Amino acid sequence: MSTVFGKVVKLILLERFGPVVEQVGSYLFQYGTNPLLYIMKYTELPLSKIKESLCILIKYNLVTFVTNKNENLANYTLKPDRILLMLRYPKYNNLIKKKFGDESEMIIEEVLQRGYWTASELILKVIERLKKNEQATSVSLVKDKFKSLVVAKYLVRMPYPKDDKPVPDLQIQDNELYIFPDIDNKILAQINAGAESMDKIPDKGIYWTINFDRFHQDMRDKIIVTAFTKKIDDNAGKFVELLLRQMYIRTMPWADSSNPVPILEIKDIIRKQETHKQLLAFFDQYVNVIEQDNSNLIRKAGEASGGSFQIFMKEAFIQFAWETIEQIVLEKYDSKAARIFRLVKSKKHIEPDQIQKLAMIPAKEAKRLSYLLLEENFLQIQELKKSNTNNGPNKTFTLFHINLEQVVRMTLEHCYKTLFNIMTRKNHEKEINKRIIVKKQRVDTIAMDMREKGAEEGQISDIEEMITPPEREILERIDITLKKLNTVELEVDETIFLLQIYLMYQ
Amino acid sequence: MFTTRFLYGVQEQPSLQHLFAKTRAGWQSLLLLVKNQLLCRLSKNYLTTLSHVFLFSTFKNLLKGMSEETKPSVSSPNEEALLDLAKSQPEGFNNDDIKQNLPNVPITEVTGIINKYLKNGTLEVFKMKNSLFYKYKDPLKKSDVKGADSEEKVVYKIIEESGNKGIWIRDIRFKSNLNTTQLNKVLKSLETKKFIKAVKSVAASKKKVYMCYDLEPDSSVTGGAWYQDQDFESEFVDVLSQQCHRFLAQKWEDASKQGGGPLLIRNRSYATATDVHKFISELGISKVTLSIDDIESILYTVVLDNNAERIVAANGSNLYKIVNRFLPSLGIVKTTCGICPIANRCASTGSVNPKSCTYLTDWINY
Ligand code: SF4
């Protein structure tokens with residue numbers, strides 16, 4: 001865990017939970033697993049505050065705990081990777097919205113906001129929100145939505161303590177993870193109508209939380225499908241999408257490569273769906289083109305039942321990682337540098353003279369660029385000595401090569417740094433315009449208050465005009481700036497995700 | 001011809017009248033240039049479509065190529081027959097021999113041919129027993145170094161042996177056992193007499209090699225088609241690379257228009273280096289004759305730029321096809337920090353920091 005990464009984590013905690021939680025989190029990041037008293041000693045915060053912070057962090061599953069040797073004490077560990085995921089929340093919401101619709105999105109949103117919750121309470125909350133938006137709904141509808149999220153494994157049951165101990169030992173059996181409890185619609189409806197109190201919910205103590213892995217699986221698949229769409233065309237993308245879908249029937253989601261999928265299954269689905277006529281008409285041709293693509297990610301595994309195919313996930317992400325780095329080299333330096341980088345990649349080891357010749361770049365330029373890439377750690381150098389000659393000077397060969405994993409780790413660091421820079425800038429923009437932002441907030445609350453009390457429009461606009469036109473302009477500008485920074489923050493996270501998946505497969 | 005020379009000379013945008021006044025060239029030559037995409041029309045003015053740098057290098061070659069085309073360099077069968085005769089008679093031959101060996105060539109033509117050869121030094125004439133004799137002179141071996149002393153002869157011989165690859169001065173010194181000053185003198189004198197010449201090698205910028213005066217240096221010395229006066233012609237390579245890419249893209253587009261399914265389209269998109277070679281030759285952007293191998297190496301740069309793929313066909317030749325990449329433009333390269341040259345020096349404190357960074361400010365206000 002690098003320092004930049006720690007800084008990013010720090011900023012996220014600060015942004016979402018405030019300075020006290022941030023201090024506790026940073027301490028745990030720096031010093032690893034620690035008991036409560038140590039945290040107190042080093043952070044010099046009052047005990048109550050620390051307890052509160054740990055509570056929050058545990059609630060959101062950002063900190064875990066295990067018993068110390070002394071069974072009455074707990075050791076706390078921070079989960080920094082998990083904190084980084086908080087940046088991705090909008091993406092998770094979006095994904096569910098596209099796949100399951102608004103109600104499901106609300107469910108996920110609520111769980112993300114609270115860390116965990118019971119099904120009943122969640123359902124009631126969503127119904128309440130829907131009512132506010134004046135959308136028609138019913139208990140059974142939301143419940144079904146909830147159920148399907150559990151069945152699809154987007155939600156997972158929280159582990160729970162078995163016996164009463166000072167430091168609870170949270171456990172859960174594998175078969176309990178995705179079992180939806182029996183909930184009587186009637187009781188929920190009654191509570192909803194105010195006829196029963198909240199205590200009556202039937203599934204007390206059964207908490208649900210987000211299964212991030214499942215989301216990442218979807219995001220991974222999306223990357224693969226878009227990649228094939230971009231490289232070949234829509235139809236090829238569709239084919240790969242279906243291949244992935246069929247793959248889950250017989251393969252563990254995070255396996256390096258899928259088990260063979262019979263091609264006829266896919267053809268059947270396409271025939272039924274009737275959306276991709278082209279793909280159906282030229283099915284065999286598409287299979288051929290995809291199989292023979294130079295990426296070699298989808299290969300024929302056997303001839304049985306019309307042929308079956310395997311998709312190689314690990315290799316896919318190796319290739320994506322290469323392309324990512326190539327793109328960075330291209331944008332950071334120029335097309336000549338990218339050419340050299342790809343040349344070294346394809347030759348594995350190469351002498352400087354060869355680079356100039358094969359890449360068709362003037363000798364001086366080639367030398368400058370390859371040593372620049374070396375200096376920036378995109379290339380590595382290896383020296384070979386030929387020492388068995390007795391006469392004359394010893395000959396040494398210099399060979400360039402690339403260590404992809406190392407470059408990816410470096411790039412990932414760089415991504416974190418970029419995140420840190422963007423967030424710092426964001427905070428800075430807020431900071432320098434603090435006065436206006438605070439004023440705006442105050443005016444807004446007053447106006448809202450008055451509106452609720454039924455004040456006249458004229459009075460309200462008087463209040464709103466306390467913000468002068470130049471101030472309004474500044475506010476608009478800040479708004480655009482922050483939006484821009486937020487968007488790019490999400491986009492950088494996409495790159496991070498891709499590289500992380502690559503590293504995960506290694 | 002005149003038009004091109006004129007354009008080459010001025011490198012600006014001459015008007016039509018301007019061109020006519022200066023060159024007497026007709027529409028024909030202008031149209032030819034436009035067709036070859038060496039000129040484009042810019043309202044009333046004509047402008048070369050190529051960049052200045054490009055003008056200097058390739059254009060010069062182009063002009064050279066054009067002027068050479070005007071000279072008929074192919075020899076007629078009669079000329080060759082006479083040449084054969086000359087080669088078979090190292091002692092020389094006279095008019096009677098010609099009559100005997102080439103009975104059906106009219107005497108006027110024989111005179112013409114002989115005059116031509118005498119002029120370009122393929123034959124030499126001398127008088128023997130009151131009649132004229134001709135003798136074949138091997139152009140590669142002018143071993144009679146006239147008016148040279150024995151040292152010059154030795155050095156010349158060493159240089160001659162090295163052929164068109166040339167020989168380095170140090171090696172001459174080793175072989176001839178002359179000391180440096182002496183050798184320099186000899187070399188200088190041979191050079192002024194135009195027996196030998198010094199050629200700069202592309203292998204090392206300061207290294208000169210010597211070779212016989214009328215030899216064309218080997219491509220390992222000149223660097224082949226990509227070098228002009230020891231300089232690598234980067235722009236020339238770039239333009240060629242772009243054109244190759246364009247050709248492959250076009251090929252794919254044509255194939256997609258024809259339709260017939262993805263496999264057919266793909267198979268029709270493949271091109272061999274020979275196809276591309278033809279296209280490049282027809283474009284006329286290069287008058288240095290490029291070999292198929294040259295085109296292969298250019299195509300390889302397209303492959304390296306990730307714009308094409310190369311596969312080996314059943315007959316062992318390479319096939320090229322345009323390819324797309326997997327990933328769209330990435331998030332990280334959209335940020336200034338992702339591609340920032342001074343990112344290593346950037347920290348939360350210090351003069352380079354994200355709060356006051358101008359790159360970021362520009363990007364935000366963009
Ligand atoms: S903040 Fe500015 S200086 Fe720092 S890495 Fe980003 S672009 Fe470069």
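## Starting with strands

Two strands count as paired if DSSP finds at least two bridges between them. Keep that in mind as we look at strand β8 (residues 208–212) of chain B in this predicted model. Which residue of β8(B) is the bridge partner of B:Ile167? That would be B:Tyr210. Strand β6 (residues 167–168) of chain B is joined to β8(B) by two bridges, and the strands run antiparallel.

β8(B) also pairs with strand β7 (residues 196–200) of chain B, again in the antiparallel sense, over five bridges. Here B:Lys200 has B:Lys208 as its bridge partner in β8(B). Is β8(B) buried or exposed? Four of its five residues are buried, so the strand is largely enclosed by the rest of the structure.

Let's check the scores. For the model, ipTM is 0.78 and pTM is 0.74. Chain B has an average pLDDT of 71, with 70% of its residues scoring at least 70. Within chain B, helix α17 (residues 358–365) has the highest confidence, with a mean of 86, while strand β2 (residues 45–48) has the lowest, at 37.

Two stretches of chain B call for some care. Residues 1–13 of chain B stay under 50 in pLDDT, and the model gives them 37 contacts beyond four places in sequence. Residues 34–73 of chain B are also below 50, with 78 contacts in the model beyond near neighbours in sequence. Where pLDDT is low, the predicted coordinates should not be read in detail.

## A helix in chain A

Now hop over to helix α2 (residues 19–31) of chain A.

Which residues of α2(A) are buried? They are A:Val21, A:Glu22, A:Val24, A:Gly25, A:Ser26, A:Tyr27 and A:Leu28. These buried residues pack against several elements of chain A, including α1 (3–17), α4 (47–59) and β3 (74–78).

Searching the whole structure turns up 27 aromatic pairs over all chains. One of them is A:Tyr31 with A:Tyr42, a stacked pair with 5.9 Å from centre to centre and 20° between the planes. A:Tyr31 sits in helix α2 of chain A and A:Tyr42 in helix α3 of chain A, so the pair ties together parts 11 residues apart in sequence. A:Tyr31 has a relative accessible area of 48%, so this residue is partly exposed.

Then there's A:Phe320 with B:Phe326: the ring centres are 5.2 Å apart and the planes are at 75°, so this pair is edge-to-face. The pair crosses between chains, with A:Phe320 in helix α16 (residues 313–332) of chain A and B:Phe326 in the loop between β13 (318–322) and α16 (331–334) of chain B. A:Phe320 is buried, at 0% relative accessibility, and B:Phe326 is buried too, at 1%.

Some rings form a group. Ring pairs link A:Tyr89, A:Tyr92, A:Phe100, A:Tyr154, A:Phe212 and A:Phe215 into a cluster.

## Charges over rings

Where does the charged end of A:Arg299 sit? Look over the ring of A:Phe312, 3.9 Å from its centre. A:Arg114 lies over the face of A:Trp117, at 3.9 Å from the ring centre.

Notes
Residues are numbered from 1 along each chain as its sequence is written. Chains are lettered from A and ligands numbered from 1 in the order in which they are written. This is a predicted model: local features need pLDDT of at least 70, side-chain atom pairs count only at pLDDT 80 or more; totals for chains, interfaces and linings use all residues. Side-chain values use heavy atoms; hydrogens and water are left out. pLDDT is the predictor's confidence in each residue, from 0 to 100. Contact means heavy atoms within 4.5 Å. The expected span of a helix is 1.5 Å times one less than its number of residues. Buried means under 20% relative accessible area, exposed over 50%, partly exposed in between (1.4 Å probe, protein chains only). Rings of Phe, Tyr and Trp (its six-membered ring) pair if their centres lie within 6.5 Å; planes under 30 degrees apart count as stacked, over 60 as edge-to-face and the rest as tilted. A charge sits over a ring if NZ of Lys or CZ of Arg is within 6 Å of the ring centre and within 35 degrees of the ring normal.
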